[in-house]
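This report describes the nonpolar core, a surface patch and the charged pairs of one protein model. The sequence and the structure are shown first.

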Amino acid sequence: MLNSFNRFSDTGMLLLRTGVGLIFMTIHGYAKISGGPERWVGLGSSMSALGINFLPGFWGFMSAFTEFVVPLFIIFGFLFRPAALLLTINMAVALSTHFIKLDPWGKIAYPLELVILFFALFLIGPGRYSIDEFLSRRKIRNK
C-alpha cells in the first residue's frame with residue numbers, strides 16, 4: 001500500500017521546493033537583503049572563518065542575494081542544481097563560522113540541517129514539475 005504513494009514523488013518535490021524556497025527567502029533572505037551595506041559587512045565578515053578577510057560588504061551582499069533571490073530558482077526548478085549548490089555553499093560558510101566560534105550545538109544544528117537539505121536537493125534534482133524538466137523535455141522533442 002505504501003508503494004502506491006511513489007506516484008506522488010514529483011508532487012512532493014514540488015511542495016518541498018516551494019515550501020523551503022518561500023520560507024528561506026522570506027525568513028532568511030529578506031532581512032539580509034533589506035539590511036543594507038551595514039548588515040552586509042557583518043555577514044561578509046563570516047568569510048574570515050575561511051581566511052578571506054577582504055571585501056566583507058561584497059561577500060555579505062552575495063550571501064544576502066543567495067538567500068533572497070536564489071530560492072526563487074529552487075521554487076521554480078530553474079537552474080535548480082546550481083541554485084541548490086550555491087545554497088549548500090552559503091550554509092556551509094555559516095556552519096563553519098559557528099564551528100570556529102565554538103557555538104553550542106543548538107546554533108550549529110540548524111545550518112548543518114540546511115547544508116544536508118540543500119546538498120540532498122542538489123543530488124535529487126528538481127522533479128518533473130519544474131522549468132528544468134520542461135526545458136529538458138522540449139529539447140529532446142526538438143531533436
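Helices here are DSSP runs of H or I with at least four residues, numbered from the N terminus. Under this definition Phe134 belongs to helix α7. The model under discussion is a predicted one.

**Nonpolar core**

The largest nonpolar core comprises 16 residues, and those with the most contacts inside it include Phe24, Ile74, Leu87, Met91, Leu114, Phe118 and Leu121. Two or more residues come from each of α1, α4 (70-76), α5 (80-100) and α6 (105-124). Helix α5 provides the largest share of this core, namely six residues.

Leu121, listed among the core residues with the most contacts, is in contact with Met13, Leu16, Phe80 and Ala84 once neighbours within four places in sequence are left aside. One of these partners, Leu16, is found in helix α1, which spans residues 9-33. The relative accessibility of Leu16 is 34%. Buried residues have under 20% and exposed residues over 50%, with partly exposed in between, so Leu16 counts as partly exposed. With neighbours within four places in sequence again left aside, Leu16 is in contact with Gly21 and Leu121. The C-alpha atoms of Leu16 and Ile75 are 8.6 Å apart in space, while 59 residues separate the two in sequence.

**Surface patch**

A nonpolar patch on the surface is formed by Leu72, Phe76, Phe78, Leu79, Ile131, Phe134 and Leu135, which together have about 590 Å² of accessible area. Helices α4 and α7 (131-141) each supply at least two of its residues. Helix α7 gives the most, with three residues. Phe134, a member of the patch, has a relative accessible area of 45% and is therefore partly exposed.

**Polar and charged contacts**

His28 is found in helix α1. With a relative accessible area of 16%, His28 is buried. Its side chain makes a polar contact of 3.1 Å with the side chain of Tyr110. Not counting residues up to four places away in sequence, His28 touches Ile23, Glu67 and Tyr110.

Glu67, touched by His28, also takes part in a salt bridge with Lys32. Side chains of opposite charge can pair when their charged atoms come close. The count of salt bridges in the model comes to two, and they are set out below.

| Salt bridge | N to O distance |
|---|---|
| Lys32 and Glu67 | 2.8 Å |
| Arg137 and Glu133 | 3.4 Å |

In the salt bridge between Lys32 and Glu67, Lys32 lies in helix α1 and Glu67 in helix α3 (residues 56-68), so the pair ties together parts that are 35 residues apart in sequence. Both Lys32 and Glu67 are buried.

Arg137 and Glu133 form the other pair. These two residues are four residues apart in helix α7, and therefore about one helical turn separates them. Arg137 has a relative accessible area of 38% and is partly exposed. Glu133, at 28% relative accessibility, likewise counts as partly exposed.

Key. Residues numbered from 1 in each chain as written. Predicted model: local features only at pLDDT ≥ 70, side-chain atom pairs only at ≥ 80, totals over all residues. Heavy atoms only, no water. Buried < 20%, exposed > 50% of the residue type's maximum accessible area, 1.4 Å probe, protein only. Contact = heavy atoms within 4.5 Å. Core = buried A, V, L, I, M, F, W, Y, C linked by side-chain atoms within 4.5 Å. Patch = residues over 30% accessible without salt bridge, like charges linked within 9 Å, V, L, I, M, F, W, Y side chains within 5 Å. Areas by Shrake-Rupley, 256 points an atom, 1.4 Å probe, with all protein chains shown as cover. Salt bridge = Lys/Arg side-chain N within 4 Å of Asp/Glu carboxyl O. Polar contact = N/O pair within 3.5 Å; in protein donor to acceptor, adjacent residues only side chain to side chain.
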